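Please look over the sequence and the structure before reading on.

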Amino acid sequence: MAFSATDAALEGFRIGRHQPKVMLFWALASLIISLVSSALIVALFGDSMSQLIAASNTPATDPAEVAALFGQMAGMYAVLLPFVLLIFSIFTGAVYRAVLRPTESGMAYLRLGATELRLAVVLVALWALSIVLTFALALCIGVIAAVIAMAAGGGGAGAGIATALIVLVLYLVMIAGLLAFWVKFSFAAPMTFAEGRIRIFQSWKATKGHFWPLLGAYVLAGILGIMVSFLGSAISFAFMMALSGASAGSLDAMFQMLQADYTSLQSFFTAPMIANLVVTSFFSALTYAIFLAPPAVAYRDIVGDKGAARS
C-alpha cells in the first residue's frame, strides 16, 4: 500500500468521523480519569497545591519556601507520572487498534494488558534516549560556544554578533537533530504493538528512505493537533467565563475567578471547572487520535502489520 503523508496526518479526523461512538467513549473515559485523578489530588495534596498557587501569585515569596512546597508534592509526582504513562499507553494502544486492527473494536479499542505495558516500556525508553541526546547536543553547543567566545576575544560588537549567530545556528541544528530522532524512531511503538515484542532500534531501518514524507506527515498532524487544542481551550475558557460570571473587562479578576481552588472537593468541582473538564476531555480524545494515528498509518502502509501477537 502506498504511503501518503496527507492521509496519515488526517487519520485522526477520519477515526472521529467514521467512528463517532468510539470517539465519544474515549472522551467519556478521559473525563472519568480526569474527575478521579483531580479528586485524588485535591484529597491527598490539596493543601500543598493551594499553598503553591498562593506562593506563585506572590512575587515576594521566598524561593526556599517554594522549593519546600515542591518537595512536599514529590509524592504526588511519584504517583502521577506512572499513572499518566499508563493512561497514555492505554490510549496509544486504542488508537493503534483503530488503525491496525479495526475489527478489535470491543470497549472502543481500550485495553489494559501486556500490549500496553510493552508500549509503556517503549515510551519510557524513547523519552530517556531523547533526554540523553538533548543533553549531549546541549553540551556540545556549550563547548563550541565557549571556544568561539574565547577565540573572538576582544573582537568587539561584530565578533559578539557573529558568535550569537553561530550559537543560534547550533541550536537550530540541535532542534533538527531531535526532530530526526523522533522521525527515525517513530515506528518503535506501532512496531512493538504489531509484532508483540519490544521494538526500538528496529525502527531506524524501517523508516529508511521515508524520512521526508514521515516528517511532513508528523508536522502537518502536529499543526492540526495544536489548532484543535487551542480551539478546545478557547471553548472551555468561554464556558468557564460564562458559568462563573467573569467579565473580560478585568483580566486579573477574570483569571483569579477561574483559578482552581484545591482546598476542598466542593471548592474545586465548581460548575466552571466541571465544564472545563468535560470540554477538554472531548478535545483530548480527538487530539490523541490526531497525534497518535499518523505513525501507525505510516507503519501499516510502509512496513505492514504483521499481526504476530494479539492483546
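Buried means under 20% relative accessible area, exposed means over 50%, and partly exposed lies in between, as computed with a 1.4 Å probe on protein chains only. The model is predicted, so that local features need pLDDT of at least 70, side-chain atom pairs count only at pLDDT 80 or more, and totals for chains, interfaces and linings use all residues. Residues are numbered from 1 along each chain as its sequence is written, while side-chain values use heavy atoms, with hydrogens and water left out.

**Salt bridges in the whole structure**

- Side chains of opposite charge can pair when their charged atoms come close.
- A search of the whole structure finds six salt bridges, a salt bridge being a side-chain nitrogen of Lys or Arg within 4 Å of a carboxyl oxygen of Asp or Glu.

**A pair of partly exposed residues**

- R14 and D7 are joined by a salt bridge, with 3.1 Å from N to O.
- R14 is partly exposed at a relative accessible area of 23%, and D7 is partly exposed at 37%.

**A pair of buried residues**

- E195 and R199 form a salt bridge in which the closest N and O atoms are 3.1 Å apart.
- E195 is buried, with a relative accessible area of 9%, and R199 counts as buried at 15%.

- D301 forms a salt bridge with R300, and their closest N and O atoms lie 2.9 Å apart.
- D301 counts as buried at 9% relative accessibility, whereas R300 counts as partly exposed at 27%.
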